[in-house]
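Open the model in your viewer and keep the selection tool ready.

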Amino acid sequence: MTSDATSPDHAPEPASTLRIPLQDHERWWGGRAADAHAMPYGTAEFARDLAGAEPVPGRPAEGCNQASPLLISSTGRRVQADGPFRFRFREGELEVTGAGVRLETNGQSLRSALQGAADATGPVDSATTSADGAAPADAAARRGGTIRVGGPLPDRALFTGPQYNSWIEQPFLPTQDGVLDYVRRLLDAGLPPGVVMIDDMWSADYGNWTFDAARFPDPAHLARTLHDWGCRLMLWVVPYISPDSPAFRRLEGAGLLLRGADGHTALRRWWNGVSAVLDLSEPQAVQWFHEQADALCALGVDGFKFDGADVGDFRDDDLTGGLRPVDMCRQWSRLAARYPLSEMRASWDMGGQPLAQRVQDTPPAWGEAGIVSLIPRMIAQSLMGYAYCCPDMVGGGEISAMQSQGDIDQEFFVRYAQVAALAPMIQFSASPARVLDEEHLAAVRAALRLREHHLGRLLDLAEHAARTGEPILRPMAYHHPGLEDVRDQFMLGEDLVVAPVLERGARSRRVILPAGTWTDAQGRRHEGPTTIEVDAPLEALPVLLRA
């Protein structure tokens, strides 16, 4: 561990407030990906405290999905801070309160604003104002809300093939035979090899990171078989430790479990019950985790799905040597970044890091709560520097809703797969080979063939993202000011417009095209800026390429 992993990232600073009059037609993004439904900000009142979140039953706070102390605007401005801040849009003004809050300007567009955030530790060519009106600290000292660039990509296997997660097919009780049967049926149905993720409860207890021998009698054979089939293997892990388990007793005895303000081991409620939490501020606890993970890698495991460690799992008065709840969330992501094949559901201020970032669990629903939310959430992730994003599991990953819906809505499943087909990553859980008839399965295979056709573009954009911080998936306004409120289509780079169908029963959709000449799948040319109606039968994902 480096020294910044065991001490606060910044010396505490008093909070200050910055009041920013909004410019004409200015729109903003950032804060939390979970707030994508309200983005772009600037047209309605909205408030958020990034230090915490809204209470939900059984939990005091829910810091789900990706977040960062960064707001960027369509006019080249950005707000950064040295930690979580409160912000409010109201009556033509943005009010931000936090430590080290500052407003900076880089160019006059959304793209230049993000480029400024990605270059915040390099040469600064921008107008800068801090909350107290003073000049900022040296650029090299700016850490909060920046997008770190120049590092590696996540493992390319996360992009090149689909990801197959056991969660919906085998919730809580996956087995070796069940996993192999799940993957074999997918491959036999004509889906390509990819990354296989074994989800919750492949081990006997949380914190006992060894395969349950009763359900996985030969994990090395499991890994070899998947590798022979052209697949990679990932395992689900969390920082939680089952109480009164052997791992709990060992870790508590060594002082490696999170302690509350009373000095005793903290027990925290999460979605699977009540558990202790690995003390991520303690280097020996991190070393212990790596030892367990390395032993699994020696069996043939290729990487890990890192779940949990939400901001709401921690308290301001936990005994963590000064690390705040957001810092503890970030520690989990830093620990994950050691493994090229890794996925996060929750991260704090980790923009630009080589981590796959999944959209939060989504219900199998048409409309704003379900499929319509996917593109805005990926846009929000992308504009905070989380370029390697995945729109949850095709068909929905919210287990209670998936189990209660009865028969799968096959049209919904296909349209969801089309949203994900040209996203940075695509992940299945409910098996297309089980839930779809031949017509709908053929439509999913067509979406995967389209992804394969554009895979070179996706990989080039991913490598560009690692170098520059620019996103793979981009809102229309990223290259075309004036399209800030377009939320149901996106661009890959500068030359491809992707417009998935998001409405039940629709067989065409409206597509907004920016300036330029655009070619549709039938070879027809369209001169922008314009709005067109395109055919979109069940098997079609509307895509237009700049001529």
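Two rings of Phe, Tyr or Trp (its six-membered ring) pair if their centres lie within 6.5 Å; planes under 30 degrees apart are stacked, over 60 edge-to-face, and the rest tilted. By this rule there are 27 aromatic pairs.

Select Phe-211 and Phe-216. Why is this pair tilted? The ring centres are 5.2 Å apart and the planes stand at 50°, so the pair counts as tilted. Buried means under 20% relative accessible area, with a 1.4 Å probe and protein chains only. Phe-211 is buried at 11%. Phe-216 is buried too, at 1%.

This is a predicted model: local features need pLDDT of at least 70, side-chain atom pairs count only at pLDDT 80 or more, and totals for chains, interfaces and linings use all residues. Residues are numbered from 1 along each chain as its sequence is written, and side-chain values use heavy atoms, without hydrogens and water.

Next, select Trp-28, Tyr-41, Phe-46, Phe-85, Phe-87 and Phe-89. Ring pairs link these residues into a cluster.

Now pick Arg-184 and Trp-229. The charged end of Arg-184 sits over the Trp-229 ring, 4.8 Å from its centre. The rule asks for NZ of Lys or CZ of Arg within 6 Å of the ring centre and within 35 degrees of the ring normal.

Last stop: helices H10 (residues 410-421) and H12 (residues 438-453). Their axes come within 9 Å and cross at roughly 5°. That makes H10 roughly parallel to H12, a term for angles under 35 degrees. Contact means heavy atoms within 4.5 Å. Among the contact residues are Phe-413 and Val-414 of H10 and Val-444 and Arg-451 of H12.

Notes
Buried < 20%, exposed > 50% of the residue type's maximum accessible area, 1.4 Å probe, protein only. Axes fitted to C-alpha atoms, helices over the stretch in contact; angles between N-to-C directions. Helix = DSSP H or I, 4+ residues; strand = E, 2+ residues; numbered from the N terminus. Parallel < 35°, antiparallel > 145°, perpendicular 65-115°, else oblique.
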